[in-house]
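Me: Hi! Could you walk me through this one in plain words?
Reply: Happy to, let's have a look together.
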Amino acid sequence: MSDPRITIIGLGEDGRDGLSAASLRALDAADIIFGGPRHLELVDAGARGAAWPVPFSIAPVLAHQDRRVVVLASGDPFWFGAGAMLAEALPPGAWVAHPAPSTFALVAAALGWRMEAVQCIGLHAAPMARLRPVLQDGARLICTMRDGAAPAELVAYLCEAGFGASRVIVAEAMGGPKQRVRSCTAQAFDLTDVRAPVMVAVEARGRGLPRTCGLPDDLFQSDGQITKQPIRALTLSTLTPRAGEHLWDLGAGSGSISVEWCLAGGGSASAVEMRADRAKNIVANAARFGLDHRIGVTTARLPAGLAALPTPDAVFIGGGAGEAMLQAVWDAMPTGARLLMNGVTLETEALLAGWHANHGGRLMQVSIAEAEPLGRMRGWIAARPVTQWSVVKGIS
């Protein structure tokens, strides 16, 4: 389509005054202008203005593709804006974009921060726990906020997570005549007059999550059914999570494997657990680590429900699987997927030995002992040995 009928315009707080000539021409020629009420007012949309529906949807724009349409977005429409959603839904050539500096860029410029060293986080429609994976001492973050009350929620989360000493910068109406930037520590935050549009920048001070596999067990909500820290570290290193990959965590227990898979590789996971009480723990752990958007939880008795799960790159079975269940999982896996199963019983060990003989891979046994009091002295107390079989389907 040589003449795009939909124009996506990045808008700043200075309204029409900050727009390019091409953006102004598109606005003047538009039959209908979509945007938030504040954006529509900034460009004097008048009767041509159409506010976004609540909840947000691009459906009204798609319904008017036969008209001259302008879509208004804050700053850069492809940074947590509507631009990407429209580009994915429209055919090539149906749209053109005129971005403005993003609010992230405006905040970074006001603070003198290098953008390439900043984590940009969208918290305008997400829980504050999304910060947990990226909170590290010295990290710099810039976050979108839902409204004027959200900065107080963010600093409360920082204090709860042990980052109360962090510097917090509240940036309001960036790039416009009402711009205001104020700074304090999270634990000293006392601002009661914050107004949208608002961003919050954070210079983190606190102890973040370890970057290695094998987080402490007490970070997880559990009824005791959890792959313990040393075995979990070995399991994750064998599963080898990579960016964008999907894991099936079958018989997930607390979901600790799913959590660490997502933290390590930035991928996603399907956690399947037959007990509803344990499934609730998985949901709680996913939320606690800010991974609720990456970990799907299914309450089902295996192998029921496998066909409905996204195709896996790797599969973890924590133990207790019989021949029929293991065969069903194997049949459901695509060629090239990785499988790892742990077992502590003689029956499971015999099952894994048989599958190893038929399908190859690696079979090993891990024994761990810890020093504990023994009378007036100390001795080694051995945990049950864990038998682990790992294999790539189609590669013996």
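Reply: Let's start with a definition: buried means under 20% relative accessible area, exposed over 50%, and partly exposed in between (1.4 Å probe, protein chains only). By that rule R146 is partly exposed, with a relative accessible area of 42%.

Me: Where do these values come from?
Reply: This is a predicted model, where local features need pLDDT of at least 70 and side-chain atom pairs count only at pLDDT 80 or more, while totals for chains, interfaces and linings use all residues. Residues are numbered from 1 along each chain as its sequence is written, and side-chain values use heavy atoms, leaving out hydrogens and water.

Me: OK, back to R146. Which residue forms a salt bridge with R146?
Reply: That's E153, with the closest N and O atoms 2.7 Å apart. A salt bridge here is a side-chain nitrogen of Lys or Arg within 4 Å of a carboxyl oxygen of Asp or Glu. E153 counts as partly exposed, at 35% relative accessibility.

Me: How many salt bridges does the structure hold?
Reply: It holds 18 salt bridges. One of them joins the side chains of E260 and R232, at 2.6 Å from N to O. E260 lies in helix α8 (residues 256-265) and R232 in helix α7 (residues 229-239), so this pair ties together parts 28 residues apart in sequence. Helices here are DSSP runs (H or I, at least four residues), as are strands (E, at least two), numbered from the N terminus.

Me: Is E260 buried or exposed?
Reply: E260 is buried, with a relative accessible area of 3%. R232 is buried too, at 0% relative accessibility.

Me: New topic: helix α11. Which residues of α11 are buried?
Reply: They are T348, L351, L352 and W355. Seen down the axis of α11, they fall within an arc of 95° (taken from the directions from the helix axis to the C-beta atoms), so they line one face of the helix.

Me: Why would they line up like that?
Reply: An α-helix has 3.6 residues a turn, so residues three or four places apart point the same way.

Me: And which exposed residues are on the face turned away from the buried side of α11?
Reply: L346, A350 and A357 are the exposed residues there.

Me: What covers the buried residues of α11?
Reply: The cover includes α10 (323-332), β15 (338-343), β16 (362-366) and β19 (386-392), where contact means heavy atoms within 4.5 Å.

Me: What comes just after α11?
Reply: G360 does, and it takes a positive phi of about 80°.
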